[in-house]
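Here is my note on this model, as numbered points. Please read it with the structure open.

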Amino acid sequence: MVTWNVATADPPDDVTSLLHLSSPKMFDDPWTQLFMSILAPRNYVKVSSMRMQGLLLLFFSKLEHVPFIRDIQATYTRTGIFGYWGNKGGVSIRLSFYGHMLCFLNCHLAAHMKYASERVDEFEYIMNTQTFDCKKAPQIVDHRLLFWFGDLNFRIEDHGMHFVRSCINKETYNLLWSKDQLTMMKNKEQMLQEFEEGPLDFQPTYKFDLNSDTYDSSGKKRKPAWTDRMLWRLRPKVSLPDEQDGDKVELDAKMLKQLEEDEEYPLKVRQDLYTSNMEYSISDHKPVVGIFTLELRKMYKTPLVRLQPEGDWSADIDAMVVYSPLQPFPSSTWDWIGLYKVGFSSVLDYITYAWVKDDEVAFNEEVIQVYVSKEEIPVHGGECVLCYYCSTLQCIIGISEPFTVLESKVAIEEGVLPERINALDRTVANDEFWK
């Protein structure tokens with residue numbers, strides 16, 4: 001996870017160190033385009049995004065997990081001027097991950113030292129007003145695991161500028177923790193007490209002079225603070241009520257189901273890294289990076305659909321997809337199967353697609369064939385996968401194994417493609433085609 005207040009800055013040329021990576025079609029903003037271009041070759045797909053004016057939340061997943069990410073919904077809440085301005089507030093993405101309900105909430109809360117209580121009020125307002133069309137988790141607090149992060153804008157109280165900067169220079173950050181407003185508010189507010197956060201063993205991420213590692217040297221000389229944070233909340237476990245005076249207090253159906261789920265499908269979270277990254281200086285904030293490990297028991301282990309290409313695929317002959325429903329799911333006339341290049345960046349990054357119901361040519365209860373016109377298949381060929389997109393669930397519910405689409409022999413014979421091409425030229429030609 002990465003949170004970074006970049007104000008209005010365009011992205012730098014290289015952000016690979018933020019993502020802990022080895023090296024560095026759509027009408028998305030430049031930040032989204034940059035992250036997709038970096039992550040797609042590493043087999044990550046953009047699953048969902050939500051933008052509200054100055055807040056942007058992107059969710060990527062390894063391709064292997066995509067068919068097991070369902071019930072995806074995204075929403076936002078404005079808390080800016082009179083509740084109408086979107087410069088402050090929260091954007092969230094919630095989903096089911098192998099059956100476990102997860103929610104990711106990115107907030108930008110009220111600024112300035114004196115508004116600590118207002119920041120808590122804004123957060124509680126966001127938590128209480130965001131709702132989802134999901135019986136199992138209609139509100140944020142109903143999710144099994146919630147990640148809360150962003151520019152939360154909490155400051156360091158009481159300590160003077162000299163003491164704060166001295167602690168930063170000596171890396172004695174622990175001397176500042178007791179006066180961190182978020183830490184202080186957690187001692188007062190019950191809702192905040194349910195959240196965990198790793199130790200702030202990194203220097204405060206605000207406020208820096210632009211294009212430097214120097215804290216604010218302007219006339220205002222704002223005191224450094226840990227404004228950019230990452231916290232998480234595991235849904236509290238249901239406890240069995242005590243029996244007193246022979247009167248048995250019964251759990252309601254929802255609580256009983258939650259208790260059974262907690263016991264049968266345990267979920268644990270561990271934070272492996274929590275730090276700031278000092279190398280980026282296009283903003284007066286430094287980015288914060290967190291790495292988490294989830295340990296869980298999967299509620300389901302097979303995708304809803306299994307699909308594969310039938311026979312050889314090339315632009316010389318109409319092709320066929322074979323798919324089999326492995327579990328019941330809400331299919332509709334708007335379901336489609338897409339052909340993607342290996343390393344695609346998002347659901348909409350397809351080469352072509354076929355409407356499942358319109359292009360069915362043969363089926364029985366177990367195996368269904370879907371026709372794909374040769375006119376839609378790339379003449380250069382390449383390594384591809386097939387994905388089944390369920391319109392009702394609004395997610396990919398099945399992905400084929402990678403397969404090779406062959407170069408068109410007809411195109412070579414007609415001179416559209418050179419008959420002999422060395423390996424380097426072939427790579428260049430393929431790259432130009434996919435662009």
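How many aromatic pairs does the structure hold? The points below start there.

1. The model is predicted. The structure holds 27 aromatic pairs. A pair of aromatic rings is described by the distance of the centres and the angle of the planes.

2. Take Phe-59 and Phe-104. Their ring centres are 5.1 Å apart and their planes meet at 55°, so this pair is tilted. Planes under 30 degrees apart would count as stacked, and over 60 as edge-to-face. Phe-59 counts as buried, at 13% relative accessibility. Phe-104 is buried too, at 11%.

3. Next, Phe-123 and Trp-148. Here the centres are 3.7 Å apart and the planes are at 15°, so the pair is stacked. Phe-123 sits in helix H2 (residues 116–129) and Trp-148 in strand E7 (residues 145–151), so the contact ties together parts 25 residues apart in sequence. Both Phe-123 and Trp-148 are buried.

4. Rings also gather in one aromatic cluster. Its members are Trp-334, Trp-336, Tyr-340, Phe-344, Tyr-350, Tyr-353, Trp-355 and Tyr-389.

5. Two arginines are placed over rings. Arg-94 lies over the face of Phe-132, 5.7 Å from the ring centre. The charged end of Arg-119 sits over the ring of Phe-154, at 5.3 Å from its centre.

6. Some backbone geometry deserves a look. Most residues other than glycine have a negative phi, and most peptide bonds are trans. Tyr-206 and Lys-207 are joined by a cis peptide bond, with omega about 0°. Lys-207 lies in the loop between helix H5 (190–193) and strand E8 (228–234).

7. Glu-171 has a positive phi of about 60°, although it is not a glycine. Its place is the loop between helix H3 (161–170) and helix H4 (181–186). At 59% relative accessibility, Glu-171 counts as exposed.

8. Lys-221, also not a glycine, has a positive phi near 40°. Lys-221 is in the loop between H5 and E8. Its relative accessibility is 47%, so Lys-221 counts as partly exposed.

Technical notes. Residues numbered from 1 in each chain as written. Predicted model: local features only at pLDDT ≥ 70, side-chain atom pairs only at ≥ 80, totals over all residues. Heavy atoms only, no water. Phe/Tyr/Trp six-rings, centres within 6.5 Å; stacked < 30°, edge-to-face > 60°. Buried < 20%, exposed > 50% of the residue type's maximum accessible area, 1.4 Å probe, protein only. Helix = DSSP H or I, 4+ residues; strand = E, 2+ residues; numbered from the N terminus. Lys NZ or Arg CZ within 6 Å of the ring centre and 35° of its normal.
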